[in-house]
Amino acid sequence: MFCLAAYNLTKSYIDSDQSIHVLSDANLEVREAEMISITGQSGCGKSTLLHILGLLDTPDTGRVLIGGREVHSGMPEAPMIRNKDLGFVFQFHYLVEDLTACENVALPMIIAGNNSTDSLKRATELLSSLGLEDRLNRYANQLSGGEQQRVSLARALINSPKIVLADEPTGNLDPQHSAEVWQMILNLNKEHGQAFVIVTHDTDSARLASQTYNLAQGKLSLC
Amino acid sequence: MFMILGIVLSVSILSAGLNLFQGYETSLKEVLLGSFPHITIQDADSDYLSIDRVKTLISQISKNPAVETITPSISYSVMASNGSRIRGASLNAYDFSGKFPFPYAKYIKDGKSTISTGEIIVGKYLAKELGKKTGDELKVIYPQLDRISALGLYPSERSYRIAGIYSSGFYESDRSQIICTLSDAETLLNINPSFAKLEIRLHSKSINAATTIATELQQALGMDLAVYPWTMFSAGLLRLVAMEKWLIFIIFCFLVLIAGINVISAVTTIILDKKNEIAVLKTLGATNASIKKLFAYQVGLAGICAILAGQGLGALLSLFVENQGWYRLKGDVYFIDSLNAAIYPINQVIVFIVAACLVSVCIHYPLRQIDKLQIIELLRNS
């Protein structure tokens, strides 16, 4: 049983009256606790694929299955699936600037309907496990790039999702912080058993995953 | 900030306008009902009621529980003169022997309220126009049209000492009132001891039922008497004032609506400013409805605080207008000469509900944009 699967995905954009095919018959299967990386050149459609898998975008054709159930971004349950079954980490941290690190992490749990006290307690535990116990009450702009990305990682994990989708999670970091974040992802994958789908253009780091795919000319192929 | 300021100012103007109009309506009603009898009874066929008839009527009318006082009086149109100037006046004569109540004692602002033969009480503006004050002599002239001599009309005139100044706040009354004793009126008017009418004052809780009580009295006393409730003379005026009050309220509501347009603009700006956060919330699973609720809660809370602050400012503004000394109403135009504010809780509740509804509509209208924001577009653009 695959926790996440995508079959025959196609997606194209119209740019200056020209149709650009970013995905052509792309297929992907992700098992529980599996870590997959997707590499490819800039603009090849890696982020688009991840957005489709995360129910943020709709494919032109093809199917996405989460836990064996076919899903798409337009369905009424999509927000709930994004909240409970999926975790997102983006290249830019997208932390809410008006909230502290702890409040940012607690946000998905509060959206899920949990009370704020429990959510903040869980956020504190999670941030402490990522070495940010002294940054709990700092606002997003008071954190370094590496810290911001760790907060965003904690936010992706707080609802214990089955799958974490990471789009260039280290794309904005220097090599040292980048290595730290990758190590953290590997540890979390082992400790919590969540599946990770990581899009990156860093081929060296991508090899740390159990399977590496390459996206080129809209085709997804196993390296 | 300007959104809040706009709501505060518009609500304060709405609230102050309503308080002042309510104050005017209340004051006008008070002076009207204070200066004039609530029910007047006269003979339908004659100008006079005999003293025996008056006694019988008083015993009959006093059985009605709504009646507070019954005062027989004489009322005639006369002229008052200071020698060089003459003004028309209304002479009202009462029995000051203590047998009957004198219901207007509270309006005697200067001098005494109980007078004896040779003394009169004069309305404030009448005294002012004729340059008279307490202690001065005032000539009262009654042009007896039925007494014509070879030299023409032969008016009856007497001079009286002003013992008190009458000031009810109702301009028309203060401009024409002369109160004297029955014996002086009988001498001046050359009439036999009698009364012209019965002035009935009702208990405050029964004032609004004056028409019904007048009908009951008419049926009980017979058709040879004419019974007039106060509503016959003043209800139209009060209805007009009430209508003006609500008309002003509606006009001032447009000010709140204009402030509401400011709210639409502010909320639209906030949404555009926060579109990245909206995208994050949507990505994390927040529904459009929950995001709209969050915005509505935050802006709505600010709006409610602004409305309450506006109502507070409106109350202060009304009290300031009431207590300021540099502008007074023209009594000859507006009936009363003072600006009064009446802060009624029900009016404040109406202001709050109307302002809250308008602001709420203006908050929810731009929030519809959140539905149209596509996460993917926001993520790509940011």
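**Helix packing and chain contacts**

Mentor: α5(A) passes α6(A) in a right-handed crossing (the near helix is turned clockwise from the far one by less than a right angle). This is a predicted model: local features need pLDDT of at least 70, side-chain atom pairs count only at pLDDT 80 or more, and totals for chains, interfaces and linings use all residues. Residues are numbered from 1 along each chain as its sequence is written, with chains lettered from A and ligands numbered from 1 in the order in which they are written.

Trainee: At what angle do α5 and α6 of chain A pack, and how far apart are their axes?
Mentor: About 20 degrees, with the axes of α5 (residues 145-157) and α6 (residues 175-192) 10 Å apart. So α5(A) is roughly parallel to α6(A) (angles under 35 degrees).

Trainee: Which residues of α5(A) meet α6(A)?
Mentor: A:Gly145, A:Gly146, A:Gln149, A:Arg150, A:Leu153 and A:Leu157. Among their partners in α6(A) are A:Val181, A:Met184 and A:Leu188. In contact, C-beta atoms placed from the backbone lie within 7 Å.

Trainee: New topic. How many residues of chain A are in contact with chain B?
Mentor: 14 of chain A, with 11 of chain B.

Trainee: Which element gives the largest share on the side of chain A?
Mentor: α2(A), with four residues. α2 (78-84) and α3 (101-111) are the elements giving two or more.

Trainee: And how much of chain A is buried?
Mentor: 50% of its 223 residues (buried: 20 or more other C-beta atoms within 10 Å of the residue's own, placed from the backbone).

Methods. Axes are lines fitted to C-alpha atoms, for helices over the stretch in contact, and angles run from 0 to 180 degrees between N-to-C directions. Angles under 35 degrees count as roughly parallel, over 145 as roughly antiparallel, 65 to 115 as roughly perpendicular and the rest as oblique. Two residues are in contact if their C-beta atoms, placed from the backbone, lie within 7 Å. A residue is buried if 20 or more other C-beta atoms lie within 10 Å of its own, exposed if 12 or fewer, and partly exposed in between; C-beta atoms are placed from the backbone.
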